[in-house]
Amino acid sequence: MAAAAHDSSGEGPKRAAMRIDVLTIFPDVVESYCDASVVGRARRAGILEVNVHDLRLATTDAHRSVDDAPFGGGAGMVLAPEPVFAAVEAVRPPRPLLLLSPGGRRFDQSLARELARAPFSLLCGRYEGVDQRIADHLVDGELSVGDYVLAGGELAALVVVESVARLVPGVLGNEESATDESFSSGLLEYPQYTRPAVFRSWEVPPVLRSGDHAAVARWRAAESLRRTIERRPDLLESRGGLSDAEVRLLCDHGYPLGAAESSGARRPGPSRGGAAPEERDRP
Ligand SMILES: C[S@@+](CC[C@H](N)C(=O)[O-])C[C@H]1O[C@@H](n2cnc3c(N)ncnc32)[C@H](O)[C@@H]1O
């Protein structure tokens, strides 16, 4: 039997701006998450098409089995090649087809941006993993969501679907929200606050209530740098450290000069051609 595609968007045949296909032995799990929140709204609005395919529907035996014992012995079962090849060949999902795997390329925001440019598909492994011939001859690449082992690729696929969906134009209500957050400029995002201005004696920084938009932008840029220095110096290092303007900005906002200067390699400041921090990576 051919693998089934479920698209619960309920919309007609109009073509969505972006398409992601997911192949899994747990289509209901993937389908139900993709029906909610940001992804669900985008599907209903016709901006995003998510097609979930059941790998078991491509099986031919009475038990609809998709796994078998590993050659050479060892614990657990392995996702067998026949049902997986059969499902992919029946569905012909958009390429690249990416296998979720702890040994794959590490998924991050820049890969999410890359994937958001064109349709692609995800194949969820299970058990002790997939027959190597699937990795060698069926898929176009492998993705890992981190250095830990999940029981299956479904959660990993959902991580990929949601983070890519957020980057598809029109999916987020406010177009700025995907460009002005952690990793969009190689830095962590600044802290956010909402009402009340004072909660249990903890006060929101006065600058955020000052109405001075330039001062707010400078404070946010400084906090973004401060946070990244303190929590993710590796991010700072890979963008080339701090510019002179950024060191000055941090000092203006009370960050100790010595600590700012010793944070990663220095990069050219605006006087040598770079953009001011508050201008960098704005749309
Ligand atoms: C229990 S894991 C298999 C782990 C495998 N035995 C190993 O040691 O690499 C079963 C499936 O979960 C998915 N998975 C587990 N951890 C993952 C991760 N960090 N990133 C992406 N997929 C993962 C993969 O699809 C994998 O085939």
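1. Strand β6 (residues 97–106) contributes four residues to the shell around the ligand, the most of any element. Helices (H or I, at least four residues) and strands (E, at least two) are DSSP runs, numbered from the N terminus. The model is predicted: local features need pLDDT of at least 70, side-chain atom pairs count only at pLDDT 80 or more, and totals for chains, interfaces and linings use all residues. Residues are numbered from 1 along each chain as its sequence is written.

2. The ligand is surrounded by 20 residues, the closest being Leu100, Gly125, Leu150, Gly153 and Ala156. A residue counts as near when its C-beta atom, placed from the backbone, lies within 6 Å of the molecule. By class, the shell holds ten nonpolar, eight polar and two charged residues. Nonpolar covers Ala, Val, Leu, Ile, Met, Phe, Trp, Tyr, Cys and Pro, charged covers Asp, Glu, Lys and Arg, and polar covers the others, Gly among them.

3. Helix α7 (residues 213–231) contains glutamate 223.

4. Beyond its neighbours within four places in sequence, glutamate 223 is in contact with Tyr190 and Pro191 (C-beta atoms, placed from the backbone, within 7 Å). Glutamate 189 lies 34 residues from glutamate 223 in sequence and 8.0 Å from it in space, C-alpha to C-alpha.

5. Among the buried residues of α7 are Trp219, Ala222 and Leu225. Their cover includes α8 (233–238), β11 (242–243) and α9 (244–252).

Key:
Two residues are in contact if their C-beta atoms, placed from the backbone, lie within 7 Å. A residue is buried if 20 or more other C-beta atoms lie within 10 Å of its own, exposed if 12 or fewer, and partly exposed in between; C-beta atoms are placed from the backbone.
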